[in-house]
Amino acid sequence: MNVKLVNITKEFIDPERESGKLVAVKDFNLEIEEGEFVTLLGPSGCGKTTTLRIIAGFETPNAGEIFIGAKNVSADPPNKRDTSMVFQSYAIFPHMSVEQNVGFGLELKGKPKAEIAVEVRNIMSAMGIEELARRRPDQLSGGQQQRVALARAIVNRPSVLLFDEPLSNLDAKLREQMRVEIRRIQQTYKITSIYVTHDQAEAMTVSDRIVVMNRGTIMQVGTPFEIYSRPENQFVADFIGRVNLLPVTVEKLTEHGCVAVDAQARKLEAASAARGVEVGRKAFLMLRPESLSVEKDTEANGFGVGESSDMPQRMLFARGVIEKSVYLGATVEYEIDASLDRPVLAVSHDPVDVGFWHPGDPVALRYNPRAAHLFPR
Ligand SMILES: Nc1ncnc2c1ncn2[C@@H]1O[C@H](COP(=O)(O)OP(=O)(O)OP(=O)(O)O)[C@@H](O)[C@H]1O
Ligand SMILES: [Mg+2]
């Protein structure tokens, strides 16, 4: 079912402040479609868990309303909301076998035993845990326990599945495996899902849309592509990955994108611009490290921007000197001193093919305007 949050605000008592109030969630508005997988992403303390608990009914907001389907559930207790929550700690019952754990919710509902057995079998097989049916939780690995917890939540076919950092107790490898698994299961059962994490890669993998939060408010809602490649502000650009920002002033908006000028009155082009980017206003031109190529700095590396409507293939982002180079096998990561506020980061793929740069080398950093994006400064 779809979920709608309207003007949600939640304040807690904060003994450390004079006012005594801490605003955990502020004027929060969000609509989640039926079958959609939406992730709340943001730094520690930004209000993710609180928002999730408000949807589940474990927390009452000071203001605002919650709809699940067409129904206003704001006054309903958790057990009347038809949501199911998967936590970081698996919270599976230690004295029950795997199949008893998975079937527990159905038993509470008073379903016939034979029916329960069939449904438990099906979900365990979908999760790849059918051979573990008779084991007890202490005989399972962390990943297996998390699968049991997930199976137990899904078997009830809730209208909405809520996840609070379900993978944070697992090691890196298992986490990667499980997030693909969670996405697959969610797609199979098409359950509307709201997922909380502070891990940007995890959010990118599982989500239809990502809600980036900071201090209880929404900074941007968008697809993983929009959040990563077309952020609306610096907070989102920084939070979702590493980024290079060049301060510019917007000169022209065209059908091909935008032209901006930097502090040296140099013209740069970008294919896209966020809301609020207007001619004459200050902006940042943004490029991800993988969109910058590190090239030899020669005279041939002119700026190459004309008034022509065709976008040039590659443009100069900055000139600089290699400060640091980190070889990672598949890639090399460079830090370049280009006399900007912070070092420019560039990731070079297939270094065996394109060659290596060393500290002290003067280089030109080039980009394809298609990868460049502007947002207000
Ligand atoms: N019961 C409570 N009483 C007082 N303050 C609370 C309570 N629960 C949460 N808070 C505060 O509300 C803010 C938001 O907390 P919340 O748990 O929602 O953050 P979060 O985004 O889930 O963080 P994390 O990533 O660390 O889990 C924090 O400042 C937290 O200290
Ligand atoms: Mg939390």
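The secondary structure of the protein comprises 9 helices and 21 strands. The model is a predicted one. Its C-alpha trace extends over about 80 × 50 × 45 Å along the principal axes. The domain assignment divides the protein into domain 1 (3-229) and domain 2 (242-376).

**Overall organisation**

- The C-alpha centres of domain 1 and domain 2 are 39 Å apart.
- Of the 377 residues of the protein, 38% are classed as buried.
- Among contacts with a separation of 6 or more, 66% are made by residues 24 or more positions apart.

**The surroundings of ligand 1**

- The residues around ligand 1 are Phe 12, Leu 22, Ala 24, Gly 42, Ser 44, Gly 45, Cys 46, Gly 47, Lys 48, Thr 49, Thr 50 and His 198.
- By class, this shell contains 4 nonpolar, 7 polar and 1 charged residues.
- Two elements, β2 (21-32) and α1 (48-56), each contribute at least two residues to the shell.
- The most is given by α1, which supplies 3 residues.

**Helix α1**

- Helix α1 is largely enclosed by the rest of the structure, because 7 of its 9 residues are buried.
- The buried residues of α1 are Lys 48, Thr 50, Thr 51, Leu 52, Arg 53, Ile 54 and Ile 55.
- Just after α1, Gly 57 adopts a positive phi of about 95°.

**An open antiparallel sheet**

- Strands of a sheet pair through backbone hydrogen bonds, in either a parallel or an antiparallel manner.
- In this protein, 5 strands form an open sheet with antiparallel pairing, in the order β16-β20-β17-β18-β19.
- At the edges of this sheet stand β16 (293-296) and β19 (344-349), each of which pairs on one side only.
- From one strand to the next, the twist averages 50°.
- Within the sheet, strand β17 (residues 315-327) and strand β20 (residues 362-367) run antiparallel and are joined by 6 bridges.
- Gly 320 has Val 363 of β20 opposite it.

Methods:
Residues numbered from 1 in each chain as written. Chains lettered and ligands numbered in written order. Predicted model: local features only at pLDDT ≥ 70, side-chain atom pairs only at ≥ 80, totals over all residues. Near = placed C-beta within 6 Å. Helix = DSSP H or I, 4+ residues; strand = E, 2+ residues; numbered from the N terminus. Nonpolar A, V, L, I, M, F, W, Y, C, P; charged D, E, K, R; others polar. Domains from an automatic or database assignment. Pairing = 2+ DSSP bridges. Axes fitted to C-alpha atoms, helices over the stretch in contact; angles between N-to-C directions. Buried ≥ 20, exposed ≤ 12 C-beta atoms within 10 Å, placed from the backbone. Contact = placed C-beta atoms within 7 Å.
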